[in-house]
Amino acid sequence: MSQPDEHAKRHHRRASFTEEQQLYRPLTVEEDRQRTNIHYEQPVEFFYALTGGDWNVYSANLWTGSETETQSQERKLDLLAELMELRPGMRILDVGCGWGGPLVYLSKKYGVRGVGLTLSSLQKGAADERIAAHGADVTIVESHWKDYQDDEPFDVVFTDEVIVHFHDLGDFFQKVYGMLRDGGVMLNKELHFAHARYSEMTRAMSFINELYGQTGNYRTLAEELTLAGEAGFDVAAIRQMPLKEYQKTIDHWLANIKANRARLEEVVGRETFRRFQTYLQLCHHIHGGTRMTLDLVVCRKPMPVAGPALVARNSWGRSSTLTSNGGASADRATAGRCRTTRSGKATAG
Ligand SMILES: C[S@@+](CC[C@H](N)C(=O)[O-])C[C@H]1O[C@@H](n2cnc3c(N)ncnc32)[C@H](O)[C@@H]1O
């Protein structure tokens with residue numbers, strides 16, 4: 001296709017979607033609540049049948065080495081626990097906690113105290129029932145992350161396929177920074193565009209975005225890392241989860257709803273059932289391609305400098321401060337001025 005043809009096609013594609021259908025729409029707290037609940041306030045029975053397993057995890061699980069839904073959910077949660085370095089007695093916050101399964105599992109297995117945030121009263125009700133059944137040290141709060149206040153700092157704050165709903169991710173990272181103790185960990189698992197060019201709206205994306213109340217804000221991994229750095233975090237680790245794990249998770253969700261079709265059509269209605277089925281089929285297709293990546297980003301809030309600081313200059317010309325625990329944390333002011341030259345070398349200045 002010649003270049004003008006390609007431009008015309010792109011223009012036509014962009015023009016065929018309304019403002020409402022676009023990604024990255026700045027919504028108020030109340031709009032966020034109403035719109036995300038279009039999706040998550042379908043009856044609990046529907047989502048429990050869809051997700052299956054003991055923990056009803058509504059995000060990609062780890063199927064390699066797992067035979068059952070419960071095993072795939074626990075393998076994924078064990079990976080999160082390892083990356084977050086969970087230890088007994090820690091206090092952790094799960095922003096976007098679904099029906100509480102992940103937090104209850106982590107609390108019981110790793111001896112941590114948990115707080116979970118959700119915008120859905122149905123999710124909170126189901127999570128409270130699960131907590132009581134397991135006697136877990138977990139509290140669920142029905143609150144937007146922007147409204148949540150807590151005086152006691154957290155050791156860990158994490159999200160699992162939630163930050164796609166946040167149009168102001170930089171503000172979220174700053175809020176998490178304020179809620180963590182020094183040296184605390186933030187982990188975010190999310191799908192990312194493999195390149196910014198894939199952010200252009202397609203019919204499939206628009207369909208999926210509508211099913212989620214048009215609250216989508218997919219980004220590239222680079223954008224997420226930039227925002228985390230600007231909030232003051234150091235990136236401790238990045239782990240990619242193969243998309244085939246997501247595809248297999250989706251295939252199980254599809255099989256689950258098809259196996260319970262008659263009952264679930266009564267629970268949510270035929271049209272909603274059909275739309276969820278189409279959504280899962282589209283996700284299966286997307287996750288078989290190369291337009292998205294699925295990444296776990298582990299960040300750490302730097303420890304403050306204790307006593308007279310030793311300032312070293314590393315091979316990138318960036319100053320780092322040797323902290324009391326022996327680790328090196330980037331000087332934020334210097335790091336902010338750090339830029340990359342055409343030769344690929346970073347310079348401070
Ligand atoms: C895809 S589900 C993921 C649930 C859970 N993390 C899991 O892996 O099973 C997204 C969750 O994020 C919550 N959520 C979305 N936007 C939120 C916001 N602004 N504040 C708090 N929770 C939010 C939804 O209510 C829902 O529980």
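Visitor: Which residues is T293 in contact with, leaving aside its neighbours within four places in sequence?

Guide: Welcome! This is a predicted model, and in it T293 is in contact with H192, A194, L221 and Q240. T293 is found in strand β7, residues 292–300.

Visitor: Why is T293 called partly exposed?

Guide: T293 has 17 other C-beta atoms within 10 Å. A buried residue needs 20 or more, and an exposed one has 12 or fewer. The value of 17 falls in between, so T293 is partly exposed.

Visitor: How far apart are T293 and M241 in sequence and in space?

Guide: They are 52 residues apart in sequence, while their C-alpha atoms are 7.8 Å apart in space.

Visitor: And across the protein, what share of contacts between residues at least 6 apart in sequence join residues at least 24 apart?

Guide: That share is 71%. The protein has 13 helices and 12 strands.

Visitor: How do you know that β2 and strand β3 pair?

Guide: Pairing takes at least two bridges between the strands. β2 and β3, residues 138–142, have five bridges, so they pair, and they do so in the parallel sense. T118 stands opposite E142 in β3.

Visitor: What makes up the right-handed β-α-β unit here?

Guide: The unit is made by β2, helix α6 (residues 121–134) and β3.

Visitor: Which residues have the most contacts inside the largest nonpolar core?

Guide: They are M84, I92, L106, V156, V157, M186 and L187, in a core of 71 residues. Helix α12, residues 270–286, gives this core its largest share, six residues. Not counting residues up to four places away in sequence, M186 touches V157, V176, L180, F233 and C299. As general background, nonpolar side chains tend to be buried together in soluble globular proteins. In this protein of 349 residues, buried residues make up 36%.

Visitor: Which residues come nearest to the ligand?

Guide: Of the 22 residues around the ligand, S59, G96, G98, D160 and H165 come nearest. The elements giving two or more residues to this shell are α2 (29–40) and β2 (113–118). α2 gives the most, with three residues.

Visitor: How do the residues of that shell divide into nonpolar, polar and charged?

Guide: The shell around the ligand has 10 nonpolar residues, nine polar and three charged. In this count Gly is among the polar residues and Asp among the charged.

Key. Residues numbered from 1 in each chain as written. Predicted model: local features only at pLDDT ≥ 70, side-chain atom pairs only at ≥ 80, totals over all residues. Near = placed C-beta within 6 Å. Helix = DSSP H or I, 4+ residues; strand = E, 2+ residues; numbered from the N terminus. Contact = placed C-beta atoms within 7 Å. Right-handed = clockwise from strand over helix to strand, strands pointing away. Core = buried A, V, L, I, M, F, W, Y, C linked by C-beta atoms within 7 Å.
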